[in-house]
Amino acid sequence: MTTTHWFILIGCLMLARGLMATSISRLPFTSAIVYLGVGLVLGPMVLGIFSFSPVEQSHLLETLTEIAVLVSLFSAGVKMPVPISRQRWMPAIRLAWVSMSLSVGLIAAFCYFVLGLPLGAGVLLGAILAPTDPVLATDVQVRHPDDRDRLRFTLTCEAGMNDGSAFPFVMLGLGLLGAYDLGGMGWRWVLVDVLWATLAAIAIGTLGGAALGRLGWMLRGKDPKHEVLDDLVGLGLIAVVYGLSVIFVAWGFLAVFFAGVALRQTELVLSGAHKDRQGLLVPERSKDDAGAAAPPADLPLTVSAESLVFKEHLERLSELTLVLLLGGMVSLHDWNWRSIGTALFLFVVARPLSVMIGLLGSDSSMRIRSITAWFGVRGIGSLYYLMYALNHGLPVSLSRELIQVTIVAIMLSIVVHGTSVKPLLDRFWRRKQT
């Protein structure tokens with residue numbers, strides 16, 4: 001396909017998605033399935049009009065997926081209910097760290113004992129497949145900044161954090177394969193990749209988001225009125241925080257997520273937000289108490305709220321483009337018992353078991369635990385980690401199999417989770433209201 005053909009194809013899909021938004025929202029499956037279907041029909045699986053090689057285009061694909069994940073993580077961060085409380089955040093923290101680590105271990109064991117892969121390849125594949133995706137999981141995530149649903153919060157917060165918590169295992173897998181220096185007895189991995197990179201990322205993101213929140217509020221409060229271009233400011237925060245994280249050897253994904261959280265909390269505090277019955281900060285205009293005073297007419301806008309719509313549009317565009325390319329990567333040879341078996345093990349064993357163990361003793365209901373155990377959507381984040389590994393020393397002898405398993409797992413996740421999300425969640429919320 002030529003560049004002109006790509007313009008026409010993506011343009012038609014964007015027009016259809018934009019014009020038919022209401023009709024698509026009523027379908028019993030997600031829009032990602034439509035994009036994937038178009039990619040499969042046009043790709044090597046059916047018509048063979050186009051193909052996309054993840055090996056030859058690994059650098060381009062790494063950049064595209066990196067941008068998509070960063071925008072999605074920031075959007076997730078600014079939608080998080082604040083302030084951070086132990087009771088509300090602990091289940092998500094357990095999922096992002098404990099459950100994800102268990103998933104990596106279970107997948108690594110499966111790859112080592114069943115597939116006969118080296119231990120390093122198993123750990124690396126576990127790190128690629130274990131994180132849930134912030135881009136393709138929009139139907140199970142927080143819908144807006146004032147969303148109070150416990151299930152959506154847990155899934156969104158988990159996806160926001162585990163894209164950063166997976167990175168140490170990516171480096172561990174590469175290290176076991178001889179492509180990265182773990183240090184004697186793994187000391188460098190523990191001190192730098194696990195402790196320093198994680199804590200520094202949280203600090204950089206929190207400080208960056210809080211600083212921007214205060215600066216934006218101060219500028220808007222000037223007389224005469226000072227305007228702020230929220231979309232550019234939000235994108236600028238993502239770029240600066242991520243760049244600083246790379247310089248200071250911290251996990252940029254984690255930093256961007258916490259930058260979004262800190263930005264929203266700072267702006268709410270400065271706006272005089274109050275706590276609702278659940279102890280969450282809400283803006284004055286969201287008060288639901290009887291006789292609440294009307295917000296002042298000159299209440300300043302906020303970067304986190306006003307730039308959110310633009311970020312969500314970027315998410316939809318990246319989802320469309322990357323899922324379409326995904327359909328052009330797969331061929332019939334990729335569908336074998338090793339790739340399908342690994343994907344099924346992930347969905348049926350590794351994810352449910354790790355979630356149930358990770359949430360032991362928590363106050364989450366068994367219904368929430370069960371749905372959380374099922375909706376571990378894999379997608380663009382996994383594709384990014386795969387491309388990162390290809391570009392950072394993954395042995396050529398292992399690259400083909402890891403590509404096959406990862407692509408098949410993502411495609412099956414799009415289909416099985418995309419067709420079950422709406423029926424299961426509708427049933428869950430109906431039972432919740434009774």
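This is a short talk about how one predicted protein model is put together, from the whole chain down to a few residues.

Okay, hi everyone. Remember that what you see on the screen is a predicted model.

Let's begin with the whole thing. The protein has 434 residues, and 55% of them count as buried. In terms of secondary structure, we have 17 helices and two strands.

Right, let's zoom in on one pair of helices. In general, you describe two packed helices by the angle between their axes and the distance between the axes. Our pair is α6, residues 119-129, and α8, residues 167-176. Their axes come within 7 Å and cross at roughly 160 degrees. So are α6 and α8 roughly parallel or antiparallel? The cut-off for roughly antiparallel is over 145 degrees, so these two helices run roughly antiparallel to each other. And if you like handedness, the crossing of α6 and α8 is left-handed.

Which residues do the touching here? From α6 you get Leu119, Gly120, Val123, Leu124 and Ala127. Across from them, α8 brings in Phe169, Val170, Leu172, Gly173, Leu174 and Leu176. Sort that contact by class and you find nine nonpolar residues, two polar ones and no charged ones.

Is phenylalanine 253 buried or exposed? Its relative accessibility is 1%, so it counts as buried. Leaving out residues up to four places away in sequence, phenylalanine 253 touches Glu66, Val69, Leu70, Leu73, Asp163, Gly164, Phe167, Tyr242, Tyr384 and Tyr385. Also, asparagine 162 is 91 residues away along the chain, yet its C-alpha is 9.0 Å from the C-alpha of phenylalanine 253.

My other pick is serine 103, in helix α5, residues 86-113. With 2% relative accessibility, serine 103 counts as buried. What does it contact, once you set aside neighbours within four places in sequence? The answer is Ala130, Ala350, Arg351 and Ser354. Look at alanine 350 in particular: alanine 350 and serine 103 are 247 residues apart in sequence, but their C-alpha atoms are 5.3 Å apart in space.

Last stop, the loops. As background, most residues other than glycine have a negative phi. Methionine 185 has a positive one, near 55 degrees. You'll find methionine 185 in the loop between α8 and α9. It has a relative accessible area of 88%, so it is exposed.

Valine 249 has a positive phi too, about 55 degrees, and it isn't a glycine either. Valine 249 is in the loop between α10 and α11. How exposed is valine 249? At a relative accessible area of 44%, this one is partly exposed.

Note on methods. Residues are numbered from 1 along each chain as its sequence is written. This is a predicted model: local features need pLDDT of at least 70, side-chain atom pairs count only at pLDDT 80 or more; totals for chains, interfaces and linings use all residues. Side-chain values use heavy atoms; hydrogens and water are left out. Axes are lines fitted to C-alpha atoms, for helices over the stretch in contact, and angles run from 0 to 180 degrees between N-to-C directions. Helices (H or I, at least four residues) and strands (E, at least two) are DSSP runs, numbered from the N terminus. Angles under 35 degrees count as roughly parallel, over 145 as roughly antiparallel, 65 to 115 as roughly perpendicular and the rest as oblique. A crossing is left-handed if the near helix is turned anticlockwise from the far one by less than a right angle, and right-handed if clockwise. Contact means heavy atoms within 4.5 Å. Ala, Val, Leu, Ile, Met, Phe, Trp, Tyr, Cys and Pro count as nonpolar, Asp, Glu, Lys and Arg as charged, and the others, Gly among them, as polar. Buried means under 20% relative accessible area, exposed over 50%, partly exposed in between (1.4 Å probe, protein chains only).
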